[in-house]
Structures are given as structure tokens and as C-alpha cells.
Amino acid sequence: MYKKYLNSDTWKLKREEVFNIKWNKCEKCWVEEYLNIHHWSYNKKYKEPTHHLFVLCYICHKEFHNKYKMWKSMINKTLNFIHWKWWRKKNPVLSSQYPS
């Protein structure tokens with residue numbers, strides 16, 4: 001079922017929206033190629049708000065999951081992984097949507 005969703009037009013639009021909001025760059029290393037969407041949580045699967053989704057390149061995404069595996073809620077680990085304090089200073093408008 002979830003795999004079907006990832007192939008849907010709804011997900012493709014959501015994915016493109018997130019890429020555009022976040023400059024089509026990995027939020028950890030700023031690479032512009034091989035981008036993936038990382039969910040901080042699967043609690044709102046199929047209805048994810050864009051601020052629950054992060055852009056990571058393939059390598060950073062793999063590194064994250066190798067380090068932390070899979071957690072029910074990955075927000076703190078995700079924010080730490082992308083160096084949240086630095087990111088927040090660079091993105092005050094977007095960062096207002098996330099916990100302090």
C-alpha cells in the first residue's frame with residue numbers, strides 16, 4: 001500500500017513541493033544530486049505536512065538510517081543529523097515550523 005502511495009501523483013507533487021521549498025539541495029551536505037525525501041515520522045503517512053519531510057541526498061539518507069536505524073519518531077535525531085542549530089540560523093522562516 002505504501003509503495004503504491006510513493007508511486008502516486010499525490011506523492012510526486014508533495015515531493016516536488018518539498019524539493020522546491022528546500023532549494024533542491026541536501027539539508028546536510030548541500031549536494032544537489034541523488035536527492036531523497038526523509039520522513040521524520042510516519043505518524044501522518046499519506047498526509048504528511050511538508051515540514052515533516054526533509055531533503056537528504058542518497059548518501060546522507062543512507063548514513064542517517066545506518067546510524068539510527070528506524071525510529072517511530074525521528075525528529076530529534078533528524079534535526080541533530082542536519083546540524084539543526086546552524087540550519088535554523090540560515091532559515092528562520094522555515095525553522096519556525098519546527099520544535100526549538
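This is a predicted model: local features need pLDDT of at least 70, side-chain atom pairs count only at pLDDT 80 or more; totals for chains, interfaces and linings use all residues.
Colleague: What about Cys-57: which cysteine sulfur is closest?

Modeller: That is the sulfur of Cys-60, at 3.6 Å. The limit is 2.5 Å, so this pair is too far for a bond as well.

Colleague: Why is Cys-26 called buried?

Modeller: Its relative accessible area is 0%. Buried means under 20%, so Cys-26 qualifies. Cys-57 has 5%, so Cys-57 is buried by that rule too.

Colleague: What makes Tyr-58 partly exposed?

Modeller: Its value is 46%. Buried is under 20% and exposed is over 50%. Tyr-58 falls in between, so it is partly exposed. This residue lies in helix H3, residues 58-68.

Colleague: Why is the phi of Asn-24 worth a remark?

Modeller: Most residues other than glycine have a negative phi. Asn-24 is not glycine, yet its phi is positive, near 55°. Asn-24 lies in the loop between helix H2 (9-21) and strand E1 (35-39).

Colleague: What is the phi of Trp-30?

Modeller: About 70°, also positive in a residue that is not a glycine. Trp-30 is in the loop between H2 and E1. Its relative accessible area is 30%, between the 20% and 50% limits, so Trp-30 is partly exposed.

Key
Residues are numbered from 1 along each chain as its sequence is written. Side-chain values use heavy atoms; hydrogens and water are left out. Helices (H or I, at least four residues) and strands (E, at least two) are DSSP runs, numbered from the N terminus. Buried means under 20% relative accessible area, exposed over 50%, partly exposed in between (1.4 Å probe, protein chains only).
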